[in-house]
Amino acid sequence: MFVIIIFALLLGYSNAKGLTVSFKNTIESYAPQQPQLVWQIESNDTCQSITLSYPNNLEQDCYIESVKADTIQCQLPLPYLKRGRYLLKPIKIASNYPFGLVSVWSYIQPDHTVYVYPSIIKTPNQKQLSQMTANDDEGAEKHLGDDEFESLITHLPEMGLQRVSWKHYAKTQQLLVKQFSDFKSADTQFDFNLMTGDTEQRLGQLCYLVCQAFESDINYSMKLPNKSIENGSGKLHLQRCLQALSNVGADYE
């Protein structure tokens with residue numbers, strides 16, 4: 001038996017030697033769904049019976065039967081169902097090859113924070129919905145700027161001569177100035193205090209609104225009890241807002 005165990009230890013070490021496990025990214029979720037970690041696993045030689053597991057979540061580990069000189073990806077679920085911001089704990093990488101008699105393992109600590117976003121709840125606040133819909137329909141507000149010629153106005157001494165229409169001056173002997181308009185997206189603000197219900201319901205309604213604004217590609221800002229996020233749009237702005245919503249009121253470990 002002693003010889004078999006020594007032989008198993010040597011095989012187990014040889015099996016895991018050269019295995020590379022890399023953290024790729026996080027699939028964040030909306031409560032009560034579990035976020036997941038995406039891992040890349042590669043080996044120069046055949047490596048068998050690999051398991052990735054998270055503390056206190058042994059029933060939902062990531063098992064790979066075999067890695068054969070190529071690169072594969074696996075997703076490891078995390079045991080977080082409540083809205084919040086979570087610091088990752090060490091991930092265990094283990095192999096029970098061969099025979100399950102011995103175990104070879106190591107730990108990796110990703111320097112990463114995981115967010116569970118609030119549950120998406122459709123808001124009953126018609127004022128906020130109407131404001132967003134109106135801005136989506138109208139598309140833009142007009143501001144003075146440099147984008148598109150709009151009209152001619154009478155020249156005033158403080159205006160300078162840069163925009164004088166000399167063509168019109170030659171015809172009419174009047175100093176007229178070209179005025180331009182700059183079309184910018186209309187802005188919407190989502191306010192925690194305008195939502196209804198308890199804290200989680202209000203955050204869920206804000207989550208719904210920012211997701212809808214992202215889908216409609218409109219500019220928006222957000223006002224939370226202890227934080228305000230300035231006007232913006234796009235995927236990074238959405239992520240910033242969702243993370244701020246996740247972090248309201250309490251932190252989770």
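**Aromatic pairs**

I looked up the ring pairs and found that the structure holds 5 aromatic pairs. I used rings of Phe, Tyr and Trp (its six-membered ring), paired if their centres lie within 6.5 Å; planes under 30 degrees apart count as stacked, over 60 as edge-to-face and the rest as tilted. I took F23 and W39, whose ring centres are 5.5 Å apart with planes at 65°, so this pair is edge-to-face. The pair links distant parts of the chain, 16 residues apart: F23 is in strand β1 (residues 19–27) and W39 in strand β3 (residues 36–43).

I noted the basis of the model here: it is predicted, local features need pLDDT of at least 70, side-chain atom pairs count only at pLDDT 80 or more, and totals for chains, interfaces and linings use all residues. Residues are numbered from 1 along each chain as its sequence is written, and side-chain values use heavy atoms, with hydrogens and water left out.

I then checked cover (buried means under 20% relative accessible area, exposed over 50%, partly exposed in between, with a 1.4 Å probe and protein chains only). F23 has 25% relative accessibility and so counts as partly exposed. W39 has 0% and so counts as buried.

I went on to F190 and Y220, with ring centres 5.7 Å apart and planes at 35°, so the pair is tilted. F190 lies in strand β13 (residues 187–191) and Y220 in strand β14 (residues 219–224), so the pair ties together parts 30 residues apart in sequence. F190 is buried at 0% relative accessible area, and Y220 is also buried, at 0%. I also noted that ring pairs link Y54, Y80 and Y86 into a cluster.

**Charges over rings**

I searched for charges over rings (NZ of Lys or CZ of Arg within 6 Å of the ring centre and within 35 degrees of the ring normal). K92 lies over the face of W105, 5.5 Å from the ring centre. R202 lies over the face of F192, at 5.4 Å from the ring centre.

**Helix α4**

I followed R202 into helix α4, where R202 is among the buried residues, as are L203, G204 and A213. The helix (residues 199–216) has 18 residues and reaches 26 Å from its first C-alpha to its last, close to the 26 Å expected at 1.5 Å a residue; the expected span is 1.5 Å times one less than the number of residues. Helices (H or I, at least four residues) and strands (E, at least two) are DSSP runs, numbered from the N terminus. At the start of α4, a side-chain oxygen of D198 comes within 3.3 Å of the backbone nitrogen of E200. Just after α4, D217 takes a positive phi of about 60°.

**Strand β4**

S53 is buried, with a relative accessible area of 9%. Beyond neighbours within four places in sequence, S53 is in contact (heavy atoms within 4.5 Å) with L58, D61, L76, I91 and K92. T51 is also in β4, and is buried at 17%. Leaving aside neighbours within four places, T51 contacts D61, C62, Y63, K92, I93 and A94. T51 and L76 are 25 residues apart in sequence and 10.0 Å apart in space, C-alpha to C-alpha.

**Totals**

I ended with the whole protein, which has 5 helices and 15 strands. Of its 253 residues, 38% count as buried.

Terms used: A polar contact is a pair of N or O atoms within 3.5 Å; within protein, one must be able to donate a hydrogen and the other to accept it, and residues adjacent in sequence count only if both atoms are side-chain atoms.
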